[in-house]
Amino acid sequence: MNMKRKTLWLTLGFVILVGLGLQGQSATPKSKIDGIAKIDTTRSIAPYFTPATTLKKMPDSKGFIQRWLLLEPINKPNRGNTVFTDSYIRAAFATEYFPNQFTVVPKDGEKVKVGEQELMWHALESSKFNVKLFRFAYGMRKQYYGVIFWAVTVVNSPQEMKNVRIAVGSNSASMWWLNGKEAVILSGDRRMVMDDCLSPRLTLNKGKNIIRGAVINGPGMSDFCVRLLNEKGEPIKDLTITCE
Amino acid sequence: MKKIKILGATAMLSVLLTGVAIAQVGKPFIHDPSTIMECDGKYYTFGTGGGGLMSEDGWVWNSGAVRPGGGVAPDVVKIGERYYVSYAKGAGGAQHASNVYVMWTKTLDPKSPDFGFKDETLVASSDGIEDCDAIDPAFLLDPTDGRLWCSYGTYFGFIRLVELDPKTGKRVVGNKALNIAIDCEATDLMYQDGWYYLLGTHGTCCDGANSTYNIVVGRSKKVTGPYLDNMGRNMIEGGGKMVLAAGGRTAGAGHFGRTVLENGVEKMSFHWEADLNQSGRSVLGIRPLLWKNGWPVAGENFKEGTYEIESERRGYALELVVDFTRMAGGMRGFGRNSNEPIKPVPSQELADVLKTWPTGNIDVRIGDYMFRPHQKWTITAAPDSIGYLGGPYYKIVIAGTDRALAATAEAEVITVPTFTDAPEQLWRIDQLTDGTYRIMPKVVPNSKEKLVLVSSGDSTPTLAKFDMNSDNSKWNFKAH
C-alpha cells in the first residue's frame, strides 16, 4: 500500500471513528463514552515493553535482541515514506541531532535536547522479537508519525567472532552501526521483515560491542528487529545484552 | 545404432577429423557418446568408431580421447581407481551377431604413463538370430549395494541386462541375461531416490536432419525391472516417457549419459544426430538434468538475453544500490471519469536515470522488481571461448551499459563500471535439478574457495558456499 493509500485509509479510519463517536454521543449512555476515553487514558507502552533490568539477558530463542535504549522520537516530518532513498536517509542520519549521537551509550532517563525538543532515553526490554517503536512513541504520548528513532544496545560476546552479520528488518528505513562503523542500511518504504537486510561479514569483539540504529518513518507503524547471524547464517545466542 | 554399425568407424572418424571449428564448443563431433567422465581435471567421452572427445573445461571439446577396439557406442564407469570401458563390435556372420566387451584403464589421459586398457573380456553377445543385438552397452554401478550392471541391445529384439563383477568387469558367473525393454537403442541406467531408471532411445537413428531419435525413460523399484513409464506402461511393451526430443535447430537426441557434479548439479550428455548450425553433423549435447515429480527432465541451456535475476528466497530482484527514481504520475484518484481516453505510459528508460548513478563501483542488493533500468541485466557469453561442463562463462551487465557484476576479495558482489574480462567478472550459470539456477563467479579474488551468489538476507546478496537445500543459493532468470 503506498503512502497515499495508507493516508487514505488513515483518513477513512479517522472519519469512521469520529462518526462512531458522534453516534455514541447521540445514542450511547455517558459511561460508554467515558469507556472510549478511558482507553486513551491508559495509553501505555505495556504490554510491548518493560523497564530494562540488570538481570542477565540473552537474545531470545531465535537470537533477537530485546534489550534496548530507545530515545523518544525526533520530529522529522515526512508525509510519506517513498522519499527514503539511500541518499535521503544517509543525509538524514548524518545530521547531528544531539551531541555524541554516534558514540554515546546513554543512561536510562538521560535527556537530550534536539532543536526545541527535550527527549529522554528509556532502557527497555521488548516483550516481542521486534521493537515496536510506534507503540513506544504512542505509549509515551509522543509524536509517532514523521519521526526518527535512535536505539542503542550493548552486546557482550564471550569471544571474538568473525564473519558475523547483523540482520535487520525495519519499518521504515533505517541505518545501523557496529562499534561506530556503518554496518547496514535499509532504504525505501520498507516493511519490517526478519533478516531483510544483512551487513557484510563483521567481527564481533570479545567483550562489549555497541550496536546503534536509527529508524525513520513518515506515517504508519514503526518497528525493527535485529539479530546476529554466524557465518552459517545461524542466529548467535551465546551473548549477553546490557544497556551499559 | 544398427546403421552406424554398418557404416563403421571410417565414416565417423572422417567426421571427427574434418569438423569445422565451432567457437563455443570446439569440434564436438561425435556419435553415440559415452557417459562423460572427469579424469585428472579433464573431461572425456568416447564414441562410435574408436577415439572420442576430450575437453579441458567441459565447454570446448576436441578429438583426443583414445579408445582401442573400434566398434560402436561405448560407455564408461569409474570404480575405485579403474575406468571400465564397454563397447561392442560385430561378431561376424549375421548382421545382428555382436559382442559386448569390457576393459579397464587407470586413467583416461592418453599422455599419462598409467594409460592403457587391460583385461578385455566378453560380457554379452548375440548370435544374429535371437531377439537381441548385443551393442550399445551401458553401465550402472548400483549405489545401494555396489553391484555392477550392464544393459545393451537395439530395436532388433530386447534390451537386456546382465550383471558384472565390479572388481574385474567380467560377467558374474552363472548370471542370466534379463529382458527389460523393447523398441529401444542406446540404453542407460541410473538410480535416484529409491528408483532405478532405464533410459532408452526411440525413433530413427542415423538419418541426419531427418533422424527422429529421442530419449525416453521408465522406472522401477528393482534394477531388474519392470520399468514402467508415467502412464504405467512397461518398457518391455514399448513404454517410455519423453526426456528429450528435437528442438531449436537440433534433431535426434540419443545415447543418454548422466554426470552428477554435486548435489543438485547434474548434467546429461547425448548426441544430436544433426545440428543444423554445424553442417547438420552429429554433435555432443550437454544439458542440465532436472528432476520433476520423480522423473528426469532435460533442462535448458542458458540463453543469452536481458533478464530480471530473481532470488528464489524471497522473489526479489538483484539490483544496483542506487536511489529509486520515481516515475511521473501516481495513483489515479478514485471517482475519475472512466471514459477518459486510455494511453500507454512510457517505461522508465536507462537515459532517464543513468546520470543519477555513481560512476564508480556500485553495490548490489535485492529488491522489489519494478522493471527499472537498475534491475535489468544483460547476460551474454564472455568473449573468450572458455567455460565449464555445459556452458560458457558469461558476463552480466546492466542492460544498455558495460557495468558488470563482479566478485570481490571480501566475498561480496559489486558492479564495476566497465567489463574487463577479469575472471571475477565471469559467471558460471548452471540450471539445478529443481529448475532454478546457480550463479557462480569463475574466481573469488584472493580465494581458492568455490563460492556462489547467495541471498544472505531477503535484500542482501553475498558470496557463500553452495547449498542445494537452501533457496538462498538459487536464482531464476525472468524475461519480461
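Where chain A and chain B meet, 17 residues of chain A and 13 residues of chain B form the contact. On the chain B side, the residues that touch chain A divide into 5 charged, 5 polar and 3 nonpolar. Keep in mind as you explore that this is a predicted model.

**Chain B as a whole**

- Chain B contains 34 strands and 2 helices.
- Its radius of gyration is 25 Å, close to the 23 Å that the globule rule gives for 480 residues, so chain B is as compact as a globular protein of that length.
- Along the principal axes, the C-alpha atoms of chain B fill a box of roughly 85 × 55 × 45 Å.
- Buried residues make up 51% of the 480 in chain B.
- If you take contacts in chain B between residues at least 6 apart in sequence, 54% of them join residues at least 24 apart.

**The two domains of chain B**

- The domain assignment places residues 2-298 of chain B in domain 1, while domain 2 is made of two stretches, 305-327 and 342-478.

**Backbone details to look for**

- Most residues other than glycine have a negative phi, and most peptide bonds are trans.
- His255(B) has a positive phi, near 65 degrees, and lies in strand E17 of chain B.
- His255(B) is buried, because 33 other C-beta atoms lie within 10 Å, and the cut-off for buried is 20 or more.
- Asn100(A) also has a positive phi, near 55 degrees, and sits in the loop between helix H3 (86-94) and strand E4 (111-114) of chain A.
- Asn100(A) is exposed, because 10 other C-beta atoms lie within 10 Å, and the cut-off for exposed is 12 or fewer.
- The peptide bond from Gly225(B) to Pro226(B) is cis, with omega near 5 degrees; Pro226(B) is in the loop between strands E15 (214-220) and E16 (241-244) of chain B.
- A cis peptide bond also runs from Asn171(A) to Ser172(A), with omega near 0 degrees; Ser172(A) lies in the loop between strands E7 (161-171) and E8 (173-178) of chain A.

**Confidence in chain A**

- Chain A has a mean pLDDT of 87, with 83% of its residues at 70 or more.
- Over residues 1-35 of chain A, pLDDT stays under 50.
- Where pLDDT is low, the predicted coordinates should not be read in detail.

Key: Residues are numbered from 1 along each chain as its sequence is written. Chains are lettered from A and ligands numbered from 1 in the order in which they are written. This is a predicted model: local features need pLDDT of at least 70, side-chain atom pairs count only at pLDDT 80 or more; totals for chains, interfaces and linings use all residues. Two residues are in contact if their C-beta atoms, placed from the backbone, lie within 7 Å. Ala, Val, Leu, Ile, Met, Phe, Trp, Tyr, Cys and Pro count as nonpolar, Asp, Glu, Lys and Arg as charged, and the others, Gly among them, as polar. Domain bounds come from an automatic or database domain assignment. Helices (H or I, at least four residues) and strands (E, at least two) are DSSP runs, numbered from the N terminus. The radius of gyration is taken over C-alpha atoms; the globule rule is 2.2 Å times the number of residues to the power 0.38. pLDDT is the predictor's confidence in each residue, from 0 to 100.
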